[in-house]
Amino acid sequence: MNLREPRKKKRVKLKLQSPFPIPLNETEEWPVYTAHLTDLGSCIIEPDEIHAVHSMGFFGKGSLSRSYPSFGKARYGAPPVVRNRQWRHRQEWLREVKELNSASRSNFEVEICDIIAEGKASQYGEGNVSGNRKESVGDIIEILPNPIESGSKQRDEAAIKEIDEVVLDSAEEDDVCVIVNKDSEQKRNSTKGSPKTQDDQNFSEEQKDKEELCEFDYYDFKNDRLNEDDDPHGKLLVLPDSDSDTENYLKNIKPKIENEGFPIREALHLTFEETFFLLFGLGCLQIVHFDGSLLDINSAWLYFCKERPDFLQKYVVYHYYRSKGWVVKPGLKYGGDFLLYKDGPPFYHASYIVIVEVADADSLVIDSTMSSRSMTWDSLFGLERLSETAAKEILFAQVLWPSSVSRDVGATNPEILSEFTVRELLWRRWNPKQHREDVPTEEEDDDSF
C-alpha cells in the first residue's frame, strides 16, 4: 500500500528546532519546567518555559491564541490591535484591581501597626523590669563598644544592600512579612554618620524597626512592579467596534494609540497526554497541585485516570506516535482523537486523523465499552468524506489490552505501559476503477464467443 506524502506548507518563516524540549548532548544541564494543574490538564505561565516547550516539539496551545501564545504581542513593528469594547473592559478591570490593592494595603498597614504596638509594649515592660533588677544589684561599670566602629559596620552593611529585600519578622506566634525598599533604607542610614550614645542607638534601632514594619512600598502583584503608574506599559491600537459593519466603516475609522494599563498574560495549556509525556516520558516537567504541593509520577497517573476514564489508551497511542517522531495534536476539529503532523503544524499539514480503539490482545475483538465514541457506518462514512475533503487519511489505532492488566485503571500504575501494543489500521475508500486487476478488452470479448 502506498502512503501519501505529507503536504508541505508554503511561506514557512520558522526554523525547525529540536523535537523535544530537552538537551540532546550530555554536556548541557537537564531542564525542569513547572506546570500548574488544571481541570483539563496543566498550564505553564513562565514566558521562557512557554517558548521552550512549544518551540521544541510544539507541545500545548496558547490560552488565547490558536497555537503559539502570541496574544497581545507586537507583530511587524505594529502594536496589538484591540476593539474599543475590549479597551473599556480592560480599563474597568484596572480600576477594580487598584481598588482591591488599596483596600488590602490599608488593612495590612493597620494589622502590622497593631502587632508592632503590642510587641514594643511587651519589650518595654521587660526592659524596665531588667533595669530595676540591675539597679538593685549595685554599681556596675559597663564598657560600651566604640560607636565609630559600630557606625562603620552599619554603613558597610547598608552599602551591601543594593536591592530590595523581604524581611521575615517573628513576633510571638505571628510571622510578619515586610517589604523593605532600598531608598528608605538609604535615608535611614544617612542619619548614622555621627557617634551616638547607647540610649540614642537603642532609640534609633527601635525607630528603624517601626519604620521597616509600618512604611513599605506598594507592590503590584499583577505586573511585578513597585509603581505601575511610573513605568510605561506597551502600546495598543484601539479600533472602533465592528459588530455592525457598514460600507463606510473603513472611511470613518479613527484608530488611536493607548497605553496598555492592564496587560493580559497568556498561558500555555497542555492536555493530560502532553503533561504526562513530559513528566513520565521525558522527565522534564514538574506539576504543582491545586494545594501547592508537587505531584509525583504515580500521583499524577492516578489523578489523570480518575479525571479521564479513557486516559490510559489515549496516552498509549500518544506515546507510541511521539516515539515515532510524529507531532501529535488534538483532533477534535476533524472528529478524531489525534492529528499527526510531520515536523509540526507550521511546516506540514496534518497527514492522519487518528481514532483510538481498544481491542482484546488475545481475540483481537474490539471492546466498545472502552471506547469514547460509538462508531457506526453512518458516522464512519461521514468521517471518511470529511477526511477526503481535508486531504487527510483515517488511521485506526487499536490498543491491544493484555489479559494480565486489570480493566480498572484506578488500580494500575505507569509500569504497565510496557505491556501494551498498538495495532494500526488505515481506512481508505475502495475504488473499483483503481483496484480492478483484470479489465477485459474488446478482442478478448470477441474470442470468448
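**Figure 1. D310 and its salt bridge to R308.** In this predicted model, D310 counts as buried, at 13% relative accessibility. The side chain of D310 meets that of R308 in a salt bridge, with a distance of 3.3 Å from N to O. R308, for its part, is partly exposed, and its relative accessible area is 22%. The cut-off for a buried residue is under 20% relative accessible area, so the value of 13% puts D310 among the buried residues, whereas the 22% of R308 puts that residue in the partly exposed class.

Figure 2. E273 is buried, with a relative accessibility of 4%, while R308 is partly exposed at 22%. Both of these residues, together with D310, K314 and D337, are linked in a network of salt bridges.

**Figure 3. The crossing of helices α6 and α8.** Helix α6 spans residues 272–281 and helix α8 spans residues 311–323; their axes come within 10 Å and cross at roughly 65°. The crossing in which α6 passes α8 is right-handed. On the α6 side the residues that take part are F272, E273, E274, F276, F277, F280 and G281, and they meet F311, K314, Y315, Y318, H319 and R322 of α8.

Figure 4. The side chains of E388 and R4 meet in a salt bridge whose N to O distance is 3.7 Å. E388 lies in helix α9 (residues 377–389) and R4 in the segment before β1 (33–38), so that the pair ties together parts that are 384 residues apart in sequence. Both partners are partly exposed: E388 has a relative accessibility of 37%, and R4 has one of 41%. This pair belongs to a model in which the count of salt bridges comes to 12.

Figure 5. F58, which is not a glycine, has a positive phi near 55°, and its place is in the loop between α1 (47–55) and β3 (61–62). At 9% relative accessibility, F58 counts as buried. D343 is likewise a residue other than glycine with a positive phi, here of about 70°, and it lies in the loop between β13 (338–342) and β14 (352–360). D343 is partly exposed, with a relative accessible area of 28%.

**Figure 6. The chain from which the close-up views are taken.** The chain contains 11 helices and 16 strands, and of its 449 residues 34% count as buried. Among contacts with a separation of 6 or more, 66% are made by residues 24 or more positions apart. The accessible surface of the chain is about 29,500 Å², and carbon and sulfur atoms account for 52% of that area.

Terms used: Residues numbered from 1 in each chain as written. Predicted model: local features only at pLDDT ≥ 70, side-chain atom pairs only at ≥ 80, totals over all residues. Heavy atoms only, no water. Helix = DSSP H or I, 4+ residues; strand = E, 2+ residues; numbered from the N terminus. Buried < 20%, exposed > 50% of the residue type's maximum accessible area, 1.4 Å probe, protein only. Contact = heavy atoms within 4.5 Å. Areas by Shrake-Rupley, 256 points an atom, 1.4 Å probe, with all protein chains shown as cover. Axes fitted to C-alpha atoms, helices over the stretch in contact; angles between N-to-C directions. Left-handed = near helix turned anticlockwise from the far one by under 90°. Salt bridge = Lys/Arg side-chain N within 4 Å of Asp/Glu carboxyl O.
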